[in-house]
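Subject: Structure for your files

Hello,

Here is the structure I said I would pass on. Please open it alongside this message, as the notes refer to it by residue number.

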Amino acid sequence: MPERPHAQMSRYNAKEIEVKWQSAWSNADCFRAEEAPGREKYYVLEMFPYPSGRIHMGHVRNYTIGDVIARYKRARGFNVLHPMGWDAFGLPAENAAMERKIHPAKWTYDNIAAMRDQLKSMGLSLDWSREFATCDPEYYAQQQRLFLEFMAHDLVYRKETWVNWDPVDHTVLANEQVIDGKGWRSGAPVERRNLPGWFFKITAFAEELLDELQRMERWPEKVRLMQANWIGRSEGARVFFPLEGAPAAETHGPLEVFTTRPDTLFGASFCALSPHHPLTAALAATDPDLRAFVAECDRLGTSEEAIETAEKRGYKTPLTARHPLNADRRLPVYVANFVLMDYGTGSIFGCPAHDQRDLDFARKYDLSVTPVVLPPDADPAAFAIGDEAYVGDGSIYNSEFLNGLSVPDAKRRVVERLAELTAGRGTVQFRLRDWGVSRQRYWGCPIPVIHCAACGPVPVPDEQLPVTLPEDVGFDTPGNPLAHHPTWKQVDCPRCGAAAERDTDTMDTFVDSSWYFARFCSPRAEQPLDSAASNYWLPVDQYIGGVEHAVLHLLYARFFTRALQRFGTVEAAEPFAGLFTQGMITHATYRAEDGAWIEPSEVAQAETGGLKTGDGRAVTQGRVEKMSKSKRNTVDPATIIETYGADTARWFMLSDSPPEREMEWTDAGIEGAWRFVNRLWRLVESALDNLPPQGTPRPAVIEGPALDLRRQVHKAVAGVTHDIEAFHFNKAVARLYELTNGLSGYDARDAAGLWVLREALEMLVRLTGPMMPHLTEELWQRLGHTGLLADAVWPDAERDLLIEESVVLAVQVNGKKRATIELPRDADKQAAEEAALADPAVQRALQGHALRKVIVVPNRIVNLVI
Ligand code: ANZ
Ligand code: ZN
């Protein structure tokens with residue numbers, strides 16, 4: 001049927017129609033989730049946003065993907081939970097407070113209000129009744145309860161550690177905040193300080209967190225690998241070296257080192273201590289030069305990268321270490337800048353021939369280099385180490401009883417011998433460290449502990465929770481406003497009643513996001529979690545977010561869930577059964593002649609064909625890069641939604657590239673999506689007058705072009721269903737374009753043809769529903785339905801319309817025809833080969849010979865060569 005000319009038809013008014021359906025969903029309360037034991041649930045969650053004030057395109061992509069899944073699963077009959085909240089504590093609010101004199105709470109809640117409206121304008125199928133912000137006292141009160149529960153179960157402890165201290169901002173800095181040894185904000189040289197703080201014992205779960213990764217099939221391989229590397233399991237040994245040569249040696253006992261290469265023990269030429277090893281401290285007490293050396297090491301900062309790239313330097317102590325397998329050998333003992341205190345035992349033995357750091361060190365301090373692993377095919381008399389350590393495989397030599405063994409065999413053998421001599425034992429070492437959560441900040445969850453001079457740290461009694469943040473704080477003095485507050489920290493010890501002080505630290509904001517997904521199950525519960533609710537909803541069936549959270553957030557959430565399972569609070573051991581990480585949004589960059597970045601919205605076409613700014617300056621286009629504020633190549637979702645509506649933005653987000661890849665935002669792309677919206681609108685509008693009423697029974701006879709269209713429609717149903725299940729949204733979109741093309745060329749000749757047209761339009765609308773919910777809801781109504789499309793069930797494809805036409809292929813063996821086989825048209829090569837080989841006549845002709853070659857001419861011949 002030809003489309004009616006545009007003039008006669010109403011143009012699609014996105015703004016009006018989107019608001020109309022948003023309020024219809026909200027009035028019907030469609031997306032409110034309720035536990036329904038016995039009904040199959042599906043929990044979809046996107047990583048909750050930080051309330052920066054405005055949504056960006058990354059949010060649009062993230063929430064569009066999640067919404068497609070949520071709407072689709074609802075239509076498939078699942079009881080869907082799709083909540084939203086705010087990851088609301090953190091430093092930007094404090095910075096805003098300092099710079100603009102707004103209270104962090106006001107700044108945060110204002111931002112939340114603005115972003116909530118923006119999210120609502122996207123038409124997301126969210127259960128807003130469960131909304132919370134992590135800075136709500138109702139939320140962080142429960143987090144304090146959890147903290148105390150972890151404490152009661154011995155999973156929280158207090159210890160002193162070396163931290164980066166900014167002497168100007170009076171705060172601890174993360175390693176990433178130390179740039180060239182200076183604080184990122186203050187620019188002041190960073191100091192190392194030994195500070196007490198609270199730690200979560202995540203290392204108690206290292207082994208299980210690692211092992212379970214192998215079974216997490218619905219997580220991306222690369223994320224699992226990153227977590228495995230982060231947990232970093234190393235098999236090795238602890239080896240004891242008796243010490244001599246200084247008074248400190250007598251009191252200390254043997255030096256215990258951790259090695260992953262005990263097979264190289266005979267190649268040892270020195271031992272080294274971390275600058276923060278207790279033995280170093282003991283020696284430094286009477287050695288000012290050593291103290292100076294340690295101070296110099298401290299200026300390097302604590303990051304592994306800094307330590308890795310710095311020149312290897314050492315300080316020779318008066319100690320010597322006796323080789324555990326050869327009492328006659330004495331090794332010098334150094335303090336070395338590349339030995340970390342918080343890995344292994346904080347001391348090492350150095351084998352320069354087979355470790356590059358040790359080799360650099362040995363060359364610098366003129367220590368012996370004895371190879372003990374001989375590369376395959378190398379000549380033992382001639383093999384020598386130059387500037388490069390040999391880290392490959394080989395057979396052991398220069399090593400007494402280990403000579404001739406392979407590396408793995410030598411590892412086993414030497415560990416046995418060390419055990420016999422009580423000079424060492426095999427161990428497993430993890431790279432993962434316990435999680436330090438104390439932060440000297442205001443805008444976070446207060447740590448619910450009171451420090452008493454007599455009783456030590458005492459948990460705040462339950463009836464005194466929550467410990468709320470005081471509102472009357474100033475941000476003018478550097479440092480932590482909680483510590484400066486005149487009265488807030490002064491309390492009586494809950495145990496002995498003496499005057500005591502609150503802990504003035506707040507928790508790392510990663511704690512807030514380590515259990516929010518569980519809190520969504522019972523957001524108003526009087527305890528952290530309501531077990532019935534969390535056991536019904538957890539785990540999250542599909543979690544969606546950025547790959548930048550591959551390690552910390554996801555690992556901490558896994559740790560929390562395992563701990564809660566251990567306490568008996570939840571049944572699930574893992575928080576996220578499925579994880580999807582979406583790609584970034586990119587955009588072309590633009591610069592003015594003076595090099596300044598120009599926003600895409602300021603760029604216009606010049607008369608000369610080039611580009612210019614609104615005020616006429618010439619503009620050159622640069623590379624397509626990740627949208628970022630610094631390059632100013634961002635596009636504001638609010639403007640896009642204002643201009644084209646949310647459906648158009650959602651459709652473009654899904655159409656362009658596979659969701660795990662980068663997608664480039666272009667004007668042409670959004671325009672194309674907008675054209676499709678209007679095309680769909682016209683397609684339905686122009687047909688409405690002629691369609692049979694909704695509910696008309698299917699005609700008995702459907703043939704010709706009508707039957708062809710039905711086949712196409714039902715193939716699209718099966719295809720789009722499969723594509724959504726597989727996260728191939730761009731393929732689903734391509735199929736819907738194809739179906740639309742098919743419909744545009746369709747001419748309904750009779751009543752049966754019109755019945756098929758209605759079916760096709762309805763299917764098109766239903767399949768497009770999860771992606772463009774507003775437009776399709778409107779079309780659904782115009783097609784005569786009284787219920788909401790959001791509540792409608794997902795269509796099923798009719799099986800017999802999917803069956804392909806079949807073809808007959810000849811099977812030849814060495815050029816001779818032996819059989820014929822029947823296959824669906826366009827069956828692939830493998831299917832043809834399998835069918836040919838399954839034929840008994842072909843089997844006889846092959847006489848058990850191996851196949852040398854298989855040639856398949858699609859739809860015609862399979863030729864087997866033996
Ligand atoms: C002797 C040796 C010989 C080593 C050799 C390597 C090669 P991963 O794989 O990361 O576990 N090491 C141990 N503790 C250390 C610390 N606190 N700071 C710096 N380095 C430390 O690395 C383990 C290896 O790193 C250990 O094995 C040790 O050097 C070093 F041919 O011992 B090895
Ligand atoms: Zn006390």
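Below are notes on a metal site and on one helix.

Please keep in mind that this is a predicted model.

Zinc site

The zinc ion (ligand 2) is held by the SG atoms of Cys452, Cys455, Cys493 and Cys496, at 2.2 to 2.4 Å. The site is tetrahedral, with angles of 107 to 115 degrees among the four donor atoms. Along the sequence, the donor residues follow the spacing C-x2-C-x37-C-x2-C. Cys452 is buried, at 7% relative accessible area, whereas Cys496 is partly exposed, at 43%.

Helix 19

In helix 19 (residues 637–644), the buried residues are Pro637, Ile640, Ile641 and Tyr644. Viewed down the axis of helix 19, these buried residues fall within an arc of 95 degrees, so they line one face of the helix. In general, an α-helix has 3.6 residues a turn, so residues three or four places apart point the same way. Glu642 and Thr643, on the other side of helix 19, are exposed.

The buried residues of helix 19 pack against helix 1 (14–28), helix 2 (57–75), helix 20 (646–655) and helix 21 (667–687).

As for the ends, Asp636 caps the N-terminal end of helix 19, with a side-chain oxygen 3.0 Å from the backbone nitrogen of Ala638. Just after helix 19, Gly645 has a positive phi of about 95 degrees.

Regards

Conventions. Residues are numbered from 1 along each chain as its sequence is written. Chains are lettered from A and ligands numbered from 1 in the order in which they are written. This is a predicted model: local features need pLDDT of at least 70, side-chain atom pairs count only at pLDDT 80 or more; totals for chains, interfaces and linings use all residues. Side-chain values use heavy atoms; hydrogens and water are left out. Buried means under 20% relative accessible area, exposed over 50%, partly exposed in between (1.4 Å probe, protein chains only). Helices (H or I, at least four residues) and strands (E, at least two) are DSSP runs, numbered from the N terminus. The arc is that of the directions from the helix axis to the C-beta atoms. Contact means heavy atoms within 4.5 Å. A polar contact is a pair of N or O atoms within 3.5 Å; within protein, one must be able to donate a hydrogen and the other to accept it, and residues adjacent in sequence count only if both atoms are side-chain atoms. Donors are N, O and S atoms within 2.8 Å of the metal (3.2 Å for Na, K and Ca); water is not among the atoms, so sites may look incomplete. Four donors count as tetrahedral if all angles lie between 85 and 135 degrees; four count as square planar and six as octahedral if opposite donors are over 155 degrees apart and all others between 65 and 115; anything else is irregular.
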